[in-house]
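Student: I have a structure to study and some questions about it. Can we go through them one at a time?

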Amino acid sequence: MALKGDLRRSPIAHRSFWAGVRDRVNDFTGSSPSRFAILVFTFLILVFTLLFSMPAATVAGERTDLADAFFTAVSVICVTGLATVDMATHWSLVGHIFIYVGVQIGAVGVLTLASILGLAISRKLGLRAKLMAASDSNPMRAHHGPVSESQAVRLGEVGNLLVTVALSLVVIEAGVAALLFPRMLIDGIPLWDAIWNSFYYSAMAFTNTGFTPNAEGLARFENDYWFLSILMIGVFLGAVGFPVIYALQKQLLRPRLWSLHVKLTVVTTLLLLVLGAVAFIVLEYDNPKTFGTLNASDTVFQSLFLSMMTRSGGFATIEIPDLNGSSLLVADMLMFIGGGSASTGGGIKVTTIAVLFLSAVAEAKGNPDMEAFGRRIPGDVSRVAVSVVLWGATIVALSTVTLLHITNAPLDYVLFDVISAFGTVGLSTGLTGDLPESGKVVLAMTMLLGRVGTVTLAAAVAASQRSKLFRRPEERPIVG
C-alpha cells in the first residue's frame, strides 16, 4: 500500500497527469477549434464580469450591478464600445486597467487567442494549433476538408502571423500614443494624465473599441484634426486585419505581389470610406445639428471621420441622435459591413461584401466564374459569403424585434444600436444606456455573436462537413 502511495506522488505520475490533460486539450482543440474558441471567450467574459463587480473597480467603491458588469465585460472582450454606465466616471483606475487589458485580449481574435492558449498548454505550435490560428486568417479552415493555400497567410506562415499580431499591438499602439502625447501636452493636459490618456486612446483606436478616458469624450478634440487624424489611422490599421498587416509588411513596396485577399480588403475598405463620406456630406450638409454650420473643408473631414468610425471605430465628434434618419440608415449599412477579416473590427467583413458584388457582376455578365485582379474565386467562397450575410441579418433581425418589444423605442434607434452591437462598433443613439436588464442581455448576446463571427459560430454548430455517398436528382426552383 505504501508503494502505491509513493507512486501516486512520484514525479512520473505527476508528469503523466499533465501529459494526459495536454492530450485531452489538444484532442478537443483539434477536433473542434471553433467550439474551443467560443468556450475561451465565454470564460473570459465570466472572469471580467467578476472583475468589474469588484468594489475596487468603481470610483464609488461599491459593487456594480451584475447586469452592468456583465454588459461591460462583453463590450470589453468583444471590443465593441457600447456601455450602460458612464465609462469615464464610473470606473476607477483599477477598473480602467481592467478595460485596457481586456480590449487587448479581445483584439487578437477568437481562434488566435484559442491557439495561443493551446500553445501555452502544449508548449509547442503543432499542426492543430496552426490550424486554429489559421482559421482566423481563413475561417473556411474551420471546416474539415482541403483548403487552398493560395491566400494571404499560408499554413506554414502561421507562426509568423502570431508574431505579427503581438508586434502590431505593441508597435502600432505605441506609435499612435507617441503621436497623441505631445498634442495632449499642448492642449494643457497634465503630464501623467497625458501619458495615460495617449496610451488609452491608442488602444481604443487600434482595437476599434471607442471608449474614452475623459468624461467629455472627444468634445475637447472635435476641432483638432491632428488628433482625429491619428485616431483614424489607428482605427484603419486595426480594422484592415492582421493578415493584411502581415502581407503588407512583407511586400509593402511590391503591390503586384499582394494576394487577392489583401487587394480586395484594401480596395473595398478605401472605397467604402469614400462612398460613406460622400453620403454623409450629401445627407448632412444642411443639418444645423451636425455639419450644417461647418465650412466645406471641415464638412469633408468630419464626414470622412464619421465614415471611418461607423465602420467599426466607435468614436464620434457629433451626437448620433442628431443625424438625419437617412444618415442613420447609411451608418447602419457601414456598421453591418464592418472591417477586414481577422481584424479588431466586426461586421460581416469587407471581403464578404466584395465577393457578393463580384458574384452579382459575374451573374449579370453571364460569366461562369467570379474573377478579380486576374484571379478566379471558387464557388464555395460565394456560398460562405451568402451564409455569413444570412446569419448576420438573422441575428440583427431577431435582436431588433426583441428590443422593439422590450423598449417600444423608435425603429431607427433600435436598429442602429443593434447593428452597432453586432458590428462591434460602439456608437449609440442613447438607447443602450436606458435599457432594462433584459435588453442589456439581448444586446450583450448580439455583441458576442458579432465578435465570435458567423462563420465561427456556424462551424461550431456544424462541427464538420458531412460526407455523402450519393447525390439527389437536380431540380431548379425559380429565383428572382
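**Pockets, loops and a surface patch**

Tutor: The second largest pocket has a volume of about 830 Å³. Keep in mind that this is a predicted model.

Student: Which residues that line the second largest pocket are the closest to its centre?

Tutor: The lining holds 32 residues. Five of them are the closest to the centre of the pocket: Gly210, Thr212, Gly217, Gly314 and Gly426.

Student: Is Thr212 buried or exposed?

Tutor: Thr212 sits in the loop between α10 (191-206) and α11 (225-240). Buried means under 20% relative accessible area. Thr212 has 16% relative accessibility, so Thr212 counts as buried.

Student: What distance separates the C-alpha atoms of Thr212 and Tyr201?

Tutor: Along the chain, Thr212 and Tyr201 are eleven residues apart.

Student: Where is Asn208, and is it buried or exposed?

Tutor: Asn208 lies in the loop between α10 and α11. Its phi is positive, about 60°, although Asn208 is not a glycine. The relative accessibility of Asn208 is 0%, and therefore it counts as buried.

Student: Asn408 has a positive phi too. Is Asn408 buried or exposed?

Tutor: The phi of Asn408 is about 60°, and Asn408 is not a glycine. Asn408 is found in the loop between α17 (379-407) and α18 (411-422). Exposed means over 50% relative accessible area. With 68% relative accessibility, Asn408 counts as exposed.

Student: What separation do the C-alpha atoms of Gly340 and Phe236 have?

Tutor: Gly340 is in the loop between α15 (325-337) and α16 (350-365). Gly340 is buried, with a relative accessible area of 0%. Gly340 and Phe236 are 104 residues apart along the chain. Their C-alpha atoms are separated by 9.7 Å.

Student: Which residues make the nonpolar surface patch of about 370 Å²?

Tutor: A residue needs over 30% relative accessible area to join a patch. One member, Val170, has 56% relative accessibility, so Val170 counts as exposed. Val170 is in helix α9 (residues 158-186). The patch is made by Val163, Leu167, Val170 and Val171.

Key
Residues are numbered from 1 along each chain as its sequence is written. This is a predicted model: local features need pLDDT of at least 70, side-chain atom pairs count only at pLDDT 80 or more; totals for chains, interfaces and linings use all residues. Side-chain values use heavy atoms; hydrogens and water are left out. Patches are made of residues with over 30% relative accessible area and no salt bridge: like charges are joined within 9 Å, nonpolar side chains (Val, Leu, Ile, Met, Phe, Trp, Tyr) within 5 Å. Accessible areas come from the Shrake-Rupley method with a 1.4 Å probe; for residues, only the protein chains shown count as cover. A salt bridge is a side-chain nitrogen of Lys or Arg within 4 Å of a carboxyl oxygen of Asp or Glu. Helices (H or I, at least four residues) and strands (E, at least two) are DSSP runs, numbered from the N terminus. Buried means under 20% relative accessible area, exposed over 50%, partly exposed in between (1.4 Å probe, protein chains only). On a 1 Å grid over the protein atoms alone, a cavity is a set of points where a 1.4 Å probe fits but cannot get out, and a pocket is an open set with protein on both sides within 12 Å along at least five of seven lines; lining residues have an atom within 4 Å of a point. Grid points are joined across faces, edges and corners, and a volume is the space filled by probe spheres set on the points.
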